[in-house]
Amino acid sequence: QVQLVESGGGLVQAGGSLRLSCTASGSIFSINRMGWYRQAPGKQRELVAGITRAGITNYADSVKGRFTISRDNAKNTVYLQMNSLEPEDTAVYYCAGPVSWPVGPPPIYWGQGTQVTVSS
């Protein structure tokens with residue numbers, strides 16, 4: 001059983017940056033791809049970034065070039081560096097795994113979510 005806990009959300013002005021962290025209670029090494037989802041009010045949940053155990057990354061077009069996902073298997077932690085934030089990035093961000101890219105079965109493990117609010 002793996003429990004995921006996100007941190008690092010908050011309020012930031014447009015153009016600013018935030019770094020989200022997702023720490024697992026158990027080992028994530030056995031989970032090939034971890035990912036970050038987000039859900040804005042009234043919108044469907046969106047898979048924004050994924051990273052495999054080997055470090056291969058995938059991004060949604062909406063965040064490509066602005067967001068960077070990384071993972072530290074030794075620390076059982078996944079990160080999401082978000083730069084050049086836009087008001088449209090406002091959402092609750094969830095860490096999850098295992099993730100299929102671009103589509104597939106929903107992840108087994110989910111964090112509780114962290115709110116990111118970008119003001120204009």
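**View 1. Contacts of the Glu6 side chain.** In this predicted model, the side chain of Glu6 reaches the backbone nitrogen of Gly113 at 2.8 Å. The backbone nitrogen of Gln112 is reached by the side chain of Glu6 at 3.0 Å. Both are polar contacts (a pair of N or O atoms within 3.5 Å; within protein, one must be able to donate a hydrogen and the other to accept it, and residues adjacent in sequence count only if both atoms are side-chain atoms). Glu6 lies in strand 1 and is buried without a salt bridge, Arg45 being the nearest side chain of opposite charge, 10 Å away. Buried means under 20% relative accessible area (1.4 Å probe, protein chains only), and a salt bridge is a side-chain nitrogen of Lys or Arg within 4 Å of a carboxyl oxygen of Asp or Glu. Leaving aside neighbours within four places in sequence, Glu6 is in contact (heavy atoms within 4.5 Å) with residues including Cys22, Trp36, Cys95 and Thr114.

View 2. The strands are ordered 1-3-8-7, with antiparallel pairing. Strand 1 (4-7) and strand 7 (67-72) each have a single partner strand and stand at the edges, so one side of each is left without a neighbour in the sheet. On average, neighbouring strands of this sheet are turned by 15 degrees against each other, direction ignored. Strands are DSSP runs (E, at least two residues), numbered from the N terminus, and two of them pair if DSSP finds at least two bridges between them.

**View 3. Strands 7 and 8.** Strand 7 runs antiparallel to strand 8 (residues 77-82), and six bridges join the two. Opposite Ile69 stands Leu80 of strand 8.

View 4. Strand 4 pairs with strand 5 (residues 46-51) in the antiparallel sense over five bridges, with Met34 opposite Ile51. Six residues lie between the strands of this hairpin, in which Gly42 takes a positive phi near 75 degrees. Strand 9 (residues 91-97) is also joined to strand 4 by five bridges and runs antiparallel to strand 4. Cys95 in strand 9 is the bridge partner of Trp36.

**Notes.** Residues are numbered from 1 along each chain as its sequence is written, and side-chain values use heavy atoms, with hydrogens and water left out. Local features need pLDDT of at least 70 and side-chain atom pairs count only at pLDDT 80 or more, while totals for chains, interfaces and linings use all residues.

Conventions:
Helices (H or I, at least four residues) and strands (E, at least two) are DSSP runs, numbered from the N terminus. Axes are lines fitted to C-alpha atoms, for helices over the stretch in contact, and angles run from 0 to 180 degrees between N-to-C directions. Buried means under 20% relative accessible area, exposed over 50%, partly exposed in between (1.4 Å probe, protein chains only). Lys and Arg count as positive and Asp and Glu as negative; His and the chain ends are not counted.
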